[in-house]
Amino acid sequence: MDKDTTPPYLSLFAALSYGIASMAMVFINKAVVMEYAYSMTLLTLQQLATALLIHSGRVMGWTRAKALNVDTAKKLVLVSLFYNGNVAFALASLKGVNIPMYIAIKRLTPLAVLIAGLFYKKGKHSKQVILSVSLTAAGVMIAALGDFSFDLLGYTMALISVFFQTMYLVLVERSGAEDGLSSIEIMFYNSLLSLPFLVFLIIVTGEFPSSLSLLYAKSASVYFFVMFVLSLVMGIILNYTMFLCTIVNSALTTTIVGVLKGVGSTTLGFFLLGGVQVHFLNVSGLVINTLGGLWYSLAKYQEKMRRTAIPK
């Protein structure tokens with residue numbers, strides 16, 4: 001579906017769904033990795049569950065996703081590589097970084113996507129978009145100054161995750177537009193292509209088979225079992241809403257939605273799953289960050305209204 005002809009309600013639904021799913025996923029993953037340190041095994045199981053569900057849905061006729069195509073799979077190898085790099089480093093960073101600061105670091109993604117877009121797009125973004133994204137990033141920096149704890153490894157992994165997230169969002173946007181792939185089809189290819197790479201990693205890193213033994217032992221806990229199942233389910237929902245939002249909107253819009261949902265996540269993160277001390281800089285940074293996100297949303301809305309007003 002062309003971005004310019006996408007119904008406004010679908011664009012809004014895609015953005016809101018991704019924001020809600022993304023916010024929930026941060027807390028669910030944090031709860032799981034606090035008790036289960038094998039993040040690569042968790043990611044592998046999430047991708048396996050996604051691939052099996054979509055395949056079953058296609059066989060049963062619940063989805064119109066096309067059958068596996070080797071040529072298409074080859075085109076999406078990089079998408080899968082960058083996606084898994086993003087999630088793997090993000091999960092690893094959550095072990096040492098509290099939720100508010102994790103979200104603050106991840107909010108640097110819009111600026112990275114904006115810069116990356118200058119290299120692969122012929123057109124340029126408006127001054128309003130550039131300034132609003134810059135304001136959002138400035139808010140991140142100010143909020144980060146209020147962090148009284150510092151985990152070098154955790155921060156480094158989160159920053160690497162930002163790079164990988166930027167690359168796969170840009171590639172997903174191009175794949176959906178150029179190859180006419182739906183969000184479900186991209187998600188299926190991504191999950192399927194991820195499995196060999198992830199299985200190799202959990203074996204090389206030594207997670208397997210200890211990770212499965214610990215998972216079996218931890219499953220006796222009702223709390224952990226529920227959180228783990230939710231992690232698998234939300235992984236599927238998050239992937240779908242993320243790809244949908246990127247295809248019907250844009251990579252930059254998807255990252256800005258992530259920024260806005262991060263405000264609520266950060267606020268809750270001060271009190272849940274290892275809260276942090278409230279500081280003037282935290283609050284000031286979040287306010288600036290939010291204003292930048294709202295400014296961007298207004299600028300993009302005005303751009304879309306101008307495009308749809310032009311006779312085809």
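A salt bridge here is a side-chain nitrogen of Lys or Arg within 4 Å of a carboxyl oxygen of Asp or Glu. This is a predicted model, in which local features need pLDDT of at least 70, side-chain atom pairs count only at pLDDT 80 or more, and totals for chains, interfaces and linings use all residues. Residues are numbered from 1 along each chain as its sequence is written, and side-chain values use heavy atoms, with hydrogens and water left out.

View 1. Helices (H or I, at least four residues) and strands (E, at least two) are DSSP runs, numbered from the N terminus. Of the 312 residues, 51% are buried. Buried means under 20% relative accessible area, exposed over 50%, and partly exposed in between (1.4 Å probe, protein chains only). The chain exposes about 15,000 Å², with 73% supplied by carbon and sulfur atoms. These areas come from the Shrake-Rupley method with a 1.4 Å probe; for residues, only the protein chains shown count as cover.

**View 2. E35 and K218 form a salt bridge.** The N to O distance is 4.0 Å. E35 sits in the loop between α1 (8-33) and α2 (39-60), and K218 in helix α10 (residues 210-218). The two are 183 residues apart, and their pairing links distant parts of the chain. E35 is partly exposed, at 29% relative accessible area. K218 is also partly exposed, at 25%. A search of the whole structure finds one salt bridge.

**View 3. Helix α2 packs on helix α11 (residues 222-248).** The angle is about 60°, and the axes lie 9 Å apart. Axes are lines fitted to C-alpha atoms, for helices over the stretch in contact; angles run from 0 to 180 degrees between N-to-C directions. The pair is therefore oblique. Angles under 35 degrees count as roughly parallel, over 145 as roughly antiparallel, 65 to 115 as roughly perpendicular, and the rest as oblique. The crossing is right-handed, meaning that the near helix is turned clockwise from the far one by less than a right angle. From α2, the contact uses L42, L45, Q46, Q47, A49, T50 and L53. From α11, F228, S231, L232, I236 and N239 take part.

**View 4. S132 is buried in helix α7 (residues 127-145).** Its relative accessible area is 0%. Leaving aside neighbours within four places in sequence, S132 contacts G292, W295 and Y296. The C-alpha atoms of S132 and N289 are 9.1 Å apart, across 157 residues of chain.

Methods: Contact = heavy atoms within 4.5 Å.
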